[in-house]
Amino acid sequence: MHRRHWQDFDIILFVVMLAIISIGIFSIYSATYYQRDLLLTLTSGTIWTDLMNNYSSRQVIWSILGMCIFFVLISIHYQKILDASYFIYVLNILILISVFLLARERLGAQRWLTLGGFNLQPSEFMKLSFIITLAFYLGKNKEAHYGIRSLFAPILIAAIPFLLILKQPDLGTALVFIPILFTMLYVWGSSIKHLIIFGFIGLASSPILWHILRDYQKKRLLVFLNPNIDPLGTGYTVIQSKIAVGSGGFFGRGWLSGTQNQLNFLPERHTDFIFSVIGEEWGIVGSVVLLILYFVLIWKATKIVDRTNDIYGKLLAAGIAAMLAAQVIINISMTIGLMPVVGITLPLVSYGGSSLITTIIALGILFNVKMRRTVF
Amino acid sequence: MKGRRLRLIFIIALFYVIIGLFFIQIVKNKFYLDLSQHNRIRITAIESSRGVIYDRNNIPIVSNRLSFDLAIIPQGVSDLDTIFKAISDVLGTPQKDLHKRYKKNFIAPFAPAYIARDISKDKAFLLEEAKLNMPGVVIQTRPVRDYIYKEATAHLAGYIGEISDEELEGLRIYGYRIKDYVGRTGLEKTFNTYLRGENGGMQIEVNNLGYQTKIIGYKRPISGKDLYLTIDIRLQNFIYDLIKDKKAAVVVIDPANGEVLALVSSPSFDPNIFSTPNRSTAKINSILNSKDKILLNRALQAYTPGSIFKVISSTSFLETQTIDLDTYFLCTGSYGMGKQPFNCWFKQGHGQQNLIEALTHSCNIFFYKSAKRTGPDALSNFALNFGLGRPTGIDLPAEAKGLVPSRHWKKSYLHQNWFGGDTLNFCLGQGFLLMTPIQACCMISVIANGGYAIMPFLVKKIDSVEIANTKLRRIPISQSTIGILKDGLREVVDSPSGTGHGAKIADIAVAGKTGTAQVGDKNSHAWFVGFAPVNNPKISFTVFIEHGGSGGGEPTRIAKSILEKLKKEGYI
């Protein structure tokens with residue numbers, strides 16, 4: 001690595017990234033505040049066990065780990081990562097398959113692998129593996145014509161993990177594949193017309209997808225249209241979340257004092273519904289601040305798409321931007337009832353090692369691309 | 001450049017989200033704030049006591065007692081099995097029953113789940129002492145309706161039951177809630193609004209598992225209002241003992257103002273069966289489905305009155321001046337009217353009689369002949385004047401109106417012409433005529449109080465507010481008629497040949513009239529109405545025995561006992 005590279009190290013982006021991670025840690029602390037008390041009384045009191053039993057502490061640990069990987073990542077050229085893409089892809093697919101065989105069933109889904117006391121979610125990494133692999137493939141076939149037939153391979157590369165993840169079942173993570181695919185194809189050069197046709201075909205086949213969905217996922221979609229059809233069951237989370245966010249008002253109810261969350265009314269509030277904690281405790285002011293931070297992140301990513309001459313770099317940046325944007329929009333919409341509930345994390349904020357590290361790595365690649373912009 | 005398009009899409013999506021946020025965080029902020037408050041606050045009700053019902057001497061006849069109920073608060077319990085065993089040892093209930101009840105009555109972790117109701121005070125104290133070793137176990141006291149005199153006041157007081165869904169629909173706006181008690185019959189029903197108290201409540205903060213985290217508010221329950229009756233419970237009890245093995249009704253009234261001193265109906269039931277916490281469906285069903293119609297308040301039901309109606313017939317004869325004291329008719333035992341012979345009950349015939357004698361002996365022939373002269377219209381009019389054919393207005397529900405036939409009535413309802421025989425039946429109190437024991441008492445009170453129709457009532461005070469509303473309506477009956485009737489009715493009891501002689505008591509002059517109402521194949525209804533003392537009446541009464549045979553038999557004996565009791569208590 002040259003000093004030259006450090007010139008393009010985007011300080012603002014870095015600060016924004018750290019800011020969002022910090023917001024996440026504080027929110028997780030608030031979200032798990034009550035639980036923390038219970039856990040402390042139950043555990044046997046060594047510092048290590050206290051730390052490990054505390055959600056926000058764990059998130060700090062993951063963050064530190066993530067930052068280490070981040071700096072390692074930006075010290076190598078991203079082309080090397082791309083070279084390993086197929087290997088990464090296949091490995092990830094294999095791990096995904098093994099999830100079916102080995103995983104513990106938790107919350108009605110098989111998504112996690114337990115390794116040494118930590119839960120890993122392979123589907124999170126798969127998103128990134130997919131981006132890297134697709135970028136590699138599309139970059140390789142840059143000069144090929146952009147007809148309909150050229151879409152087949154990318155769709156296949158997307159379809160395998162998509163269906164595997166869908167079967168876990170993890171509708172949210174699977175859904176994110178779609179905007180990533182479209183964005184990367186668009187940046188690659190597919191005509192918009194083709195993409196629209198492809199989009200319609202996808203929509204037309206959604207009734208088939210409907211049948212693949214499990215009952216609770218179908219219910220979630222129905223409940224989206226009217227949360228009150230099942231207020232104590234499927235609709236409960238959304239109703240509780242809306243109440244939390246809605247009661248935040250302008251400035252919010254203050255850190256640690258969101259009553260909806262303190263009294264444990266909102267399940268999953270440290271993971272998928274972390275935004276409801278932010279909305280309740282920091283109000284619309286806090287929510288918009290967070291949105292602005294995300295906006296900066298994604299805006300910068302799209303700027304990298306424009307300014308990078310390297311097709312690989314463009315594609316990587318595009319895929320990563322799409323992944324982040326899709327997750328942010330879908331997650332927040334879901335917490336306020338603007339979209340049906342799907343299992344999707346808020347990047348850098350939701351508690352979860354796999355999600356956090358995946359996102360940090362993704363941002364690492366982004367930094368990487370920007371720093372190695374060839375200047376002619 | 002492509003990035004710009006992507007940025008645009010993202011910005012549009014972001015706008016969608018921000019507008020959504022604005023809408024729910026700003027526009028609907030208050031709405032969600034309210035909801036978040038209610039999410040974590042639960043209210044448990046604290047039952048209030050119903051008002052107490054007192055008799056005229058302030059003796060409580062319906063009140064509330066404490067029921068000791070044993071409950072478990074689920075969130076406070078660590079070892080259910082040990083607790084069940086300990087409780088089972090004290091109560092003697094098998095553990096599996098306790099467990100079943102616990103499961104059945106579970107509501108929420110912070111709410112008590114009842115496992116035994118209305119346990120004895122000793123057991124309650126034992127368990128209270130052992131509570132230290134049994135966390136999560138509570139003894140709660142609840143008010144339970146207590147009908148102190150059971151069967152004797154059953155029809156008077158009525159009973160209460162849980163509000164039904166239909167009733168709740170209409171009454172919800174008045175503050176009624178599910179599981180509230182409402183009066184079903186008797187005074188409990190008529191005065192439900194006053195007797196009903198206001199439930200209190202506790203506001204409890206809960207977390208999402210329903211566990212109580214703290215108590216936020218407490219509202220004291222307010223007892224219902226008390227009723228003060230005109231009834232004398234000693235008299236009521238005494239009379240019930242006299243008639244409890246019969247199908248009968250007795251009413252005792254103060255003819256000057258309409259205060260009801262006693263109102264008894266038999267057969268009766270114990271209303272506690274409905275209000276006790278450990279209800280027995282079998283017992284309740286046997287009451288509801290009883291062949292003898294136990295729930296019926298016979299004092300308010302309409303029956304054929306028979307000869308007691310002669311009081312009104314006599315009035316109509318005298319007031320229309322179709323006869324007077326000097327009118328004599330011959331009773332030979334039978335009277336021909338067309339094809340149908342109408343007989344006197346005394347087959348040999350009474351011989352020449354005037355009105356007073358006719359009343360004393362209850363001679364039918366005299367009345368036939370007089371009625372033929374007077375005609376049915378006068379009979380109908382006076383019957384209506386005396387208050388027959390419509391409810392007396394006593395403060396009890398489900399009062400029958402009775403029936404006063406008339407030429408017009410027969411034409412309208414039966415589409416038949418009035419026959420001569422109808423008049424003859426009418427004047428004897430037979431035929432279509434129907435009267436309730438309470439109407440009979442009001443009828444005789446007209447003579448007793450000098451010509452006023454009274455409105456009988458039971459409640460004279462609610463809490464500290466007097467509500468006694470003595471209503472007197474002057475009837476077109478002259479003092480001389482009243483005098484004549486008093487003389488005649490006095491003879492009924494005084495004279496050894498009087499049909500009511502069985503009611504004669506020492507020292508007090510009693511007036512009365514017997515009635516033996518023919519009701520087809522069955523045994524006739526037995527009536528006796530009267531008042532005492534004749535010169536300055538203080539009480540009037542009706543004794544009615546369903547299918548009791550002759551009016552001069554059982555009813556007069558019962559009346560005699562009642563009169564002796566009244567004398568002893570200083571009423572007469």
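B:His547 is situated in the loop that runs between β23 (539–545) and α21 (554–568) of chain B; here helices (H or I, at least four residues) and strands (E, at least two) are DSSP runs, numbered from the N terminus. The model is a predicted one, in which local features need pLDDT of at least 70 and side-chain atom pairs count only at pLDDT 80 or more, whereas totals for chains, interfaces and linings use all residues. Residues are numbered from 1 along each chain as its sequence is written, chains are lettered from A and ligands numbered from 1 in the order in which they are written, and side-chain values use heavy atoms, with hydrogens and water left out.

With a relative accessible area of 27%, B:His547 is partly exposed; buried means under 20% relative accessible area, exposed over 50%, and partly exposed in between (1.4 Å probe, protein chains only). Apart from neighbours within four places in sequence, B:His547 is in contact with B:Val519, B:Lys522, B:Asn523, B:Ser524 and B:His525, contact meaning heavy atoms within 4.5 Å. The C-alpha atoms of B:His547 and B:Trp527, 20 residues apart in sequence, are 9.8 Å apart in space.

Another loop residue of chain B, B:Val510, is placed between α20 (479–494) and β21 (511–519). B:Val510 is buried, at a relative accessible area of 3%. When neighbours within four places in sequence are set aside, its contacts are B:Leu489, B:Arg490, B:Val493, B:Ile505, B:Phe531, B:Ala532, B:Val534 and B:Leu563. A C-alpha separation of 7.2 Å is found between B:Val510 and B:Gly530, which lie 20 residues apart along the chain.

In chain A, A:Asn331 belongs to helix α17 (residues 311–335). A:Asn331 is buried, its relative accessible area being 0%. Not counting residues up to four places away in sequence, A:Asn331 touches A:Asp272, A:Phe275, A:Ile344, A:Thr345 and A:Leu346.

Beyond its neighbours within four places in sequence, A:Leu316 is in contact with A:Tyr78, A:Leu82, A:Ile131, A:Ile132, A:Ala135, A:Ile365 and A:Val369. In soluble globular proteins, nonpolar side chains tend to be buried together.

Where the two chains meet, 41 residues of chain A are in contact with 32 residues of chain B. About 3300 Å² is buried between chain A and chain B, with carbon and sulfur atoms giving 70%; buried area is the accessible area (1.4 Å probe) that two parts lose on being put together, summed over both. The rule finds 1 salt bridge across this interface, a salt bridge being a side-chain nitrogen of Lys or Arg within 4 Å of a carboxyl oxygen of Asp or Glu. The side chains of B:Arg7 and A:Asp306 form a salt bridge (3.8 Å, N to O). On the side of chain A that touches chain B, α16(A) gives the most, with 13 residues. The residues of that side comprise 22 nonpolar, 15 polar and 4 charged; Ala, Val, Leu, Ile, Met, Phe, Trp, Tyr, Cys and Pro count as nonpolar, Asp, Glu, Lys and Arg as charged, and the others, Gly among them, as polar.

Over all chains the count comes to 29 salt bridges. One of them joins A:Lys127 to A:Glu124, with the closest N and O atoms 2.9 Å apart. These two residues are separated by about one helical turn because they are 3 residues apart in helix α8 (residues 122–140) of chain A. Both A:Lys127 and A:Glu124 are buried.

In chain B, B:Arg142 forms a salt bridge with B:Asp69, the closest N and O atoms lying 2.9 Å apart. B:Arg142 lies in strand β5 (residues 137–147) and B:Asp69 in strand β3 (residues 60–72), so the pair ties together parts that are 73 residues apart in sequence. B:Arg142 is buried, with a relative accessible area of 15%, and B:Asp69 is buried at 0%. B:Glu188 forms a salt bridge with B:Arg145, at 2.8 Å between the closest N and O atoms. This pair links distant parts of the chain, B:Glu188 being in helix α8 (residues 186–190) of chain B and B:Arg145 in strand β5, 43 residues apart. B:Glu188 is buried at a relative accessible area of 0%, and B:Arg145 is buried at 4%. Through shared partners, salt bridges join B:Glu47, B:Asp69, B:Arg117 and B:Arg142 into one network.
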